[in-house]
Amino acid sequence: MLAAFSYVGFQRQNCAVGEDVENLKQRLPLLDYLRQQSWTARPIAFGPEFVGLCPLHPETRPSFYVNARKNLFYCHGCGQGGDLIRFVQLSRQLSFRQSVAYLQQQSTVPTDSLAVLEQAAIFYQQQLERHPEALRYLQQRGLRDPALSKELRIGYAPGGSLRRHLTAQGYSFDLLQRLGLLNPQGCDAFYRRVIFPCCQGGRIVNLYGRGIAAAFAHQFLPGSKGGLFAWESVRQFPTVILVEGLFDLVVLWQAGFRHTTCSLGTHLNAEQFQQLCDRPRIVYLTFDVDANGSGQQASQQLAQRLRAQGISTRRVILPDGHDPNSFFVQGGDARQFHALLEVASS
Ligand SMILES: [Zn+2]
C-alpha cells in the first residue's frame, strides 16, 4: 500500500536550519515521540513501517503510517505527511521554529536522564561486590555464574549513598528526584535492593529493584518499564520463552535457554505485546503457577491475544506452586525443563 507513496518529497524541506534539526530528529526518533504521546500502532510485516489511527484527524480505521527507518509519517486519510518537526507543527499548531524549540526542550530531559541512569547503574554494579548480603541473595536465587551477572549488569543498592555519589558528579538534586532515584524526602529510593537495568536500543530506560528481604516488594522508577527484557538478543529466535520475573530469566539463561525474555510482571504493555508479534514465532508462556491461579489466568488471556495476531503459543505448566526460578533452585535441571517445553500444549 505504501510503496505507491514516496516519502521523499517531505525530506529536508528546511535545509537552512541545518545540522541542529537533523541532530534533533536523530536524538528523538519520530516513532519514539509518537509513542511518548501514547500513539499505538502495529508493525506492517517485517519492514520498518507501522500503522495506527491518525493523531491529526478523527478516524476509526488506521491510515496513519510511520516509516521508522526514514523517520517520516504519512496519513492516507487527511493527506498530511512529513517528519517529526512537521508532525509537531500540525499537532500543536506551532510554527516551524516554535516546534524546533519545543522539541529541543523535550529531548534535553531524556538525554540527561539517560546519562544519570547509566551512572546510577554503574554505581550500583560497583556496590554489588562490596555487599556480601547481596551476593548471598543472588546465590539463593540460583545465580551462580558471575559472567552472567556482569552481562546483565546486575547491581546492588545499599541505600543512603547514591545521592551523594551523583550530586558529586554534578547532577542536580532536582533531576534525581524527578527521575525517582530520590524519594520525596530526598533519600535514595532504592534501599537494600538488587538492581537490574532495563535497556532498550543499548540505553537504560528504567531500573528494576528487587528487595533482598522478603518484606520488600518490587520497585521500578516512575515511567515505562520499557520493552521486553533483553529483546535485542532474543528477538532473532523463532521460538521464545516468556517469563514474568527476572530471576526466572536468570536461571533459564544460565541453563542455556538464551531465547528467554521477561515481561516484568504478567501484564504486557503495548510495546512488549507488539515486540512478540513482530514476526511469526512460537511463544512459550511460562508464568508462575501460583495458588490463586492469577499467573495461569494471565497466561491464558495473553495466549488468546497473541493467537489473534497470528502468533503460535504454548503454555508451559510447571509443577504446582512453582515458577521457573524455584523450579531450578530446588533442583530442576535443563533436561527436565526441556521435557516441560516438549509437552507444553497450545
Ligand atoms: Zn490523518
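I began with helix α12 (residues 294-308), which lies across β10 (239-243), β12 and β13 and runs at about 165° to β13. Contact here means heavy atoms within 4.5 Å. Angles run from 0 to 180 degrees between N-to-C directions, with axes as lines fitted to C-alpha atoms, for helices over the stretch in contact. Helices (H or I, at least four residues) and strands (E, at least two) are DSSP runs, numbered from the N terminus.

A note on the source: this is a predicted model, where local features need pLDDT of at least 70, side-chain atom pairs count only at pLDDT 80 or more, and totals for chains, interfaces and linings use all residues. Residues are numbered from 1 along each chain as its sequence is written, and side-chain values use heavy atoms, with hydrogens and water left out.

Next I looked up the sheet. It is open, with 4 strands in the order β11-β10-β12-β13 and parallel pairing. β11 (260-262) and β13 (312-315) stand at the edges with a single partner strand each, so one side of each has no neighbour in the sheet. Neighbouring strands are turned by 30° against each other on average, direction ignored. I then checked β12 (residues 282-285), which pairs with β13 in the parallel sense over 4 bridges; two strands pair if DSSP finds at least two bridges between them. Ile-282 stands opposite Ser-312 in β13.

Then the metal. Which residues coordinate the zinc ion? I found Cys-54 (SG), His-57 (ND1), Cys-75 (SG) and Cys-78 (SG), at 2.0 to 2.3 Å. Donors are N, O and S atoms within 2.8 Å of the metal (3.2 Å for Na, K and Ca); water is not among the atoms, so sites may look incomplete. The site is tetrahedral, with angles of 99 to 122° among its 4 donor atoms (four donors count as tetrahedral if all angles lie between 85 and 135 degrees). The donor residues are spaced C-x2-H-x17-C-x2-C in sequence. Cys-54 sits in the loop between β2 (49-52) and β3 (64-67), and Cys-78 in the loop between β4 (72-75) and β5 (81-82), so the pair ties together parts 24 residues apart in sequence. Cys-54 is buried at 8% relative accessibility, while Cys-78 is partly exposed at 31%. Buried means under 20% relative accessible area, exposed over 50%, partly exposed in between (1.4 Å probe, protein chains only).

Last, α5 (residues 132-140): Ala-134, Tyr-137 and Leu-138 are buried. Seen down the axis, the buried residues fall within an arc of 100°, so they line one face of the helix; the arc is that of the directions from the helix axis to the C-beta atoms. The face turned away carries exposed Arg-136, Gln-139 and Gln-140. Just after α5, Gly-142 takes a positive phi of about 90°.

Conventions: Four donors count as tetrahedral if all angles lie between 85 and 135 degrees; four count as square planar and six as octahedral if opposite donors are over 155 degrees apart and all others between 65 and 115; anything else is irregular.
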